[in-house]
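Here is a quick walk through one protein model, meant to be read with the structure open beside you. Take a look at it before reading on.

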Amino acid sequence: MEHVRDVMTSNVEYCTPLDNVYEVAVKMKELNVGAIPICENDHLLGMITDRDIVIRGVAEKRPNSTRVTDIMSEHLITAEPTMSLEEAAKLMAKHQIRRLPIVENNRLVGICSLGDLAVHDGSDDDAGYALSEISESPQVHH
């Protein structure tokens, strides 16, 4: 059985509570990603997505200088590196999320995305299941 640690992205770039929305957006552009974890001393505090910036930032007419903690999602679904790929896919589908922060001893150690599941041999069914479940009833990641 393969585990999340076998496919997750390690050495994840993150921002801190001291950063503002503009700095997160620039980092997203530079890295070509749609989500940035917010950490303090490697401890995961939240996640901010491009959708968060649009819905909780721009649509609410907040300035670019808004603190990331004001618009980030705080109540995150996370997994440990030892979780099986099947369990991760089911967790992502159940909670309608496309990116799963991987935490070990309260520290962010990676991110597992639907893409990570999809490109891994043998997990196409898991990724397909997760994507179909997420696509059927889109929700904002709170």
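Predicted model: local features only at pLDDT ≥ 70, side-chain atom pairs only at ≥ 80, totals over all residues.

## A tucked-away serine

Ser 84 sits in the loop between α2 and α3 (85-95). What does Ser 84 touch, once its neighbours within four places in sequence are set aside? Its contacts are Met 1, Glu 2, His 3 and Val 4.

Following α3 is Gln 96, with a positive phi near 60 degrees.

## Helix α1 and its buried face

In helix α1 (residues 21-31), Val 21, Val 24, Lys 27 and Met 28 are the buried residues. Looking down the axis of α1, you'd find them within an arc of 125 degrees, so they line one face of the helix. Over on the other side of α1, Lys 29 and Glu 30 are exposed. The cover over the buried residues includes β1 (35-40), β2 (43-49) and α2 (50-57).

Both ends of α1 have something to show. At the start, a side-chain oxygen of Asn 20 comes within 3.0 Å of the backbone nitrogen of Tyr 22. Just past the helix, Asn 32 has a positive phi of about 55 degrees.

## The β1-β2 hairpin

Strands β1 and β2 make a hairpin with 2 residues between them, and Asn 41 in the turn takes a positive phi of about 55 degrees. The two strands run antiparallel, joined by 6 bridges. Ile 36 stands opposite Ile 48 in β2.

How much of β1 is buried? The count is 5 of its 6 residues, so the strand is largely enclosed by the rest of the structure.

## Charged pairs

Searching the whole structure turns up 6 salt bridges. One of them pairs Glu 13 with Lys 27, with the closest N and O atoms 3.3 Å apart. That pair links distant parts of the chain, 14 residues apart: Glu 13 is in the segment before α1, and Lys 27 is in helix α1. Glu 13 is partly exposed at 42% relative accessibility, while Lys 27 is among the buried residues of α1.

Another salt bridge joins Arg 56 to Asp 52, also with 3.3 Å between the closest N and O atoms. These two are 4 residues apart in helix α2, so about one helical turn separates them. Arg 56 counts as buried at 19% relative accessibility, and Asp 52 is buried too, at 3%. Asp 70 pairs with Arg 67, the closest N and O atoms being 3.7 Å apart; Asp 70 is partly exposed, at 39%.

Methods:
Residues numbered from 1 in each chain as written. Heavy atoms only, no water. Buried < 20%, exposed > 50% of the residue type's maximum accessible area, 1.4 Å probe, protein only. Arc of directions from axis to C-beta. Contact = heavy atoms within 4.5 Å. Polar contact = N/O pair within 3.5 Å; in protein donor to acceptor, adjacent residues only side chain to side chain. Pairing = 2+ DSSP bridges. Salt bridge = Lys/Arg side-chain N within 4 Å of Asp/Glu carboxyl O.
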